[in-house]
Amino acid sequence: MVFFSKNCIFVVAMLKKIDFYIIKKFLGTYVLSILLVISIAIVIDITEKMDDFYNEGLSLKTIIFDYYIYFVPYYINLFSSLFTFLSVIFVTSKLAYNTEIIAMLAGGISFKRIMVPYFISASIIALLTFYVSSEIIPPGIHERLRFESTYINHKVFEESVNHQQLQISSNEIVYIERYNKSKNIGYRFSYDKFDGKQLAERLTASRIEYDTLQNWLVIDYMQRTFHDLKEEVVKGDSLKMHLNMVPKDFIKVLKEYEQLTTSQLHSYIEEQSRRGIGGLNAYKLELYKRYANPFAAFILTLIGVSIASKKVRGGTGAHLFVGLLLSVSYIIANLSSVSFTVQGGVHPLMAVWIPNLVYFTIGIGLYIRAPK
């Protein structure tokens, strides 16, 4: 931490007035655009939900501190890359239109040096985006969905899972066909215990009920134990078993992957993979997105400065038009990568980084062609 602080002080000491000027313009425009767009989004959302708020008799304090305080960070983070790109385009285009870029180049400042304050600003946005998406938004999504399910949609965001297989220890595997959360009862249950690679015990039951502290009651069961070439079969009405699993292992919460912090996502994926549970692509995709998305601030800054640094006929309007097209195409590319993972079986890590690599290549090409 001390080393990081010393480096920050060194970087600040090396900055000049022109750097602070660009950083102030960049971050100021970024914050202003966020406030403007989010304000419009809140007004539209209030208009749509006004009847629900009135019918439920909610106070202004409840609406603000139980809903909109979580609504705002989510949508700021969602459109952060768009705000970043448009801010870069707007600020740089203004500098170019006022011939300030030309003056800098004529004064001996290299184009690479001009990029420094932009990337410092992008670093601030990237770090803020990563922190917000990792620690602030996940619990906020949980509270926002809870509010909507209670007062607006009147739906429960939990559902039972069918055909679930769990590896509860290194040599124990269980399977349950269907689990009823409200009754804590599972149907068509099986339990396999292995001795090395050999099946040592197999138990099947028509029903299994949860008691407490990982204690389960197996009902209408048949237990088969294997000894070399011999088999011992025991049938019974009920049997108490201690199993390393709890009901939540069979319950899926809607968009649960969005409600876990980054550290919780790491732990969840590791634990579920150890248990042999499939269907983790959505969780892995969310985890990789949280690391990949902050890099969009650097990539879009590189593209934006390279495009807008040249003074063209049409001025800021022309640059904003081109910038808007590129930013929208980048967002569409990210959304398409998500669908490739969910429906096409593409590895989540590859899916989230392909758009970044493609647009980084575009940014390098535009940087090379930018006026020096």
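At 35% relative accessibility, Thr99 counts as partly exposed, because that value falls between the 20% and 50% cut-offs. This residue belongs to a predicted model, and Thr99 is found in the loop that separates α4 from α5 (100-106). Although Thr99 is not a glycine, its phi is positive, at about 60°.

**Positive phi outside glycine**

Arg188 likewise has a positive phi without being a glycine, in this case about 55°. Arg188 belongs to strand β4 (residues 185-195). With a relative accessible area of 55%, Arg188 is exposed, because the cut-off for that class is over 50%. A further positive phi, near 55°, is taken by Asn184 in the hairpin of β3 and β4.

**The strands β2, β3 and β4**

Strand β2 (residues 162-169) pairs with strand β3 (residues 172-180) in the antiparallel sense, over 6 bridges. The hairpin that joins β2 to β3 runs through 2 residues. β3 also pairs with β4 in the antiparallel sense, here over 8 bridges, and the hairpin of these two strands has 4 residues between them. The residues that stand opposite one another include those in the table.

| Residue | Opposite residue | Strand of the opposite residue |
|---|---|---|
| Asn162 | Arg178 | β3 |
| Gln167 | Ile173 | β3 |
| Tyr179 | Gly186 | β4 |

Helix α11 (residues 348-369) has 22 residues. From its first C-alpha to its last, α11 reaches 33 Å, close to the 32 Å expected at 1.5 Å a residue. A bend of about 30° occurs in α11 at Ile354, and the proline Pro355 follows within four residues. Pro355 is itself buried, and the other buried residues listed for α11 are Pro348, Ala351, Val352, Asn356, Tyr359, Gly363 and Tyr367. An α-helix has 3.6 residues a turn, so residues three or four places apart point the same way. Among the buried positions of α11 are Ala351, Pro355, Tyr359, Gly363 and Tyr367.

Helix α8 has 12 residues, and the distance from its first C-alpha to its last is 16 Å, close to the expected 16 Å. Its buried residues are Tyr283, Leu285, Leu287 and Ala292, together with Glu286 and Arg290.

**The largest pocket**

α8 (281-292) also contributes to the largest pocket, as one of the helices that each supply at least two residues of the lining. The others are α3 (60-78), α4 (80-97), α6 (111-152), α9 (295-308) and α10 (315-344). The volume of this pocket is about 890 Å³. Its lining consists of 34 residues, and those nearest the centre are Asn77, Leu78, Lys289, Asn293 and Leu335. By class, 21 of the lining residues are nonpolar, 9 are polar and 4 are charged.

Ala41 lies in helix α2 (residues 17-56). In sequence, Ala41 and Tyr75 are 34 residues apart, whereas in space their C-alpha atoms are 8.8 Å apart. Is Ala41 buried, exposed or partly exposed? Ala41 counts as partly exposed, because its relative accessibility of 26% lies between the cut-offs of 20% and 50%.

Terms used
Residues are numbered from 1 along each chain as its sequence is written. This is a predicted model: local features need pLDDT of at least 70, side-chain atom pairs count only at pLDDT 80 or more; totals for chains, interfaces and linings use all residues. Side-chain values use heavy atoms; hydrogens and water are left out. On a 1 Å grid over the protein atoms alone, a cavity is a set of points where a 1.4 Å probe fits but cannot get out, and a pocket is an open set with protein on both sides within 12 Å along at least five of seven lines; lining residues have an atom within 4 Å of a point. Grid points are joined across faces, edges and corners, and a volume is the space filled by probe spheres set on the points. Ala, Val, Leu, Ile, Met, Phe, Trp, Tyr, Cys and Pro count as nonpolar, Asp, Glu, Lys and Arg as charged, and the others, Gly among them, as polar. The expected span of a helix is 1.5 Å times one less than its number of residues. The bend at a residue is the angle between axes fitted to the seven residues ending there and the seven starting there. Buried means under 20% relative accessible area, exposed over 50%, partly exposed in between (1.4 Å probe, protein chains only). Two strands pair if DSSP finds at least two bridges between them.
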